[in-house]
Amino acid sequence: LHALGVSRVALLSNNPDKARQLRSCGVTVVEQVPTGVYVSAANLRYLETKARRGRHTLELPSVLSGRTR
């Protein structure tokens with residue numbers, strides 16, 4: 001980003017670590033916009049793990065998993 005002359009970004013990501021890493025490299029994150037995710041029975045556990053372990057900002061319905069949040 002520095003080679004391109006980018007010093008400020010609006011980050012489209014659900015991953016708060018990406019924002020931290022950019023800031024640590026001197027890039028100003030002016031906004032972090034969470035992206036939508038497609039949730040299905042096949043990927044729900046994976047997305048739950050990303051939200052729990054990686055602290056990703058995901059809105060996941062508890063209906064699909066049969067668990068309460």
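## Basis of the model

The structure is a predicted model in which local features need pLDDT of at least 70 and side-chain atom pairs count only at pLDDT 80 or more, while totals for chains, interfaces and linings use all residues. Residues are numbered from 1 along each chain as its sequence is written, and side-chain values use heavy atoms, with hydrogens and water left out.

## Overall architecture

The protein contains three helices and two strands, where helices (H or I, at least four residues) and strands (E, at least two) are DSSP runs numbered from the N terminus. Read along the sequence, these elements follow the pattern β-α-β-α-α.

Of the 69 residues in the protein, 28% are buried; buried means under 20% relative accessible area, exposed means over 50%, and partly exposed lies in between, with a 1.4 Å probe and protein chains only. The accessible surface comes to about 5200 Å², and carbon and sulfur atoms contribute 53% of that surface, with areas taken from the Shrake-Rupley method with a 1.4 Å probe, where for residues only the protein chains shown count as cover. Among contacts in the protein with a separation of 6 or more, 17% join residues 24 or more positions apart, a contact being heavy atoms within 4.5 Å.

One salt bridge is counted in the model, the term meaning a side-chain nitrogen of Lys or Arg within 4 Å of a carboxyl oxygen of Asp or Glu. The partners are R20 and D17, whose side chains meet at 3.7 Å, N to O. Both belong to helix α1 (residues 16-24), where they stand three residues apart and are therefore separated by about one helical turn. An α-helix has 3.6 residues a turn, so residues three or four places apart point the same way. D17 is partly exposed, at 30% relative accessibility.

In helix α2 (residues 44-53), the residues L44, L47 and E48 are buried. They lie on the same side of α2 because they cover an arc of only 100 degrees around the axis, the arc being that of the directions from the helix axis to the C-beta atoms. The face turned away from this buried side carries the exposed residues R45, Y46 and R53.

Most residues other than glycine have a negative phi. R55 is also exposed, with a relative accessible area of 61%.
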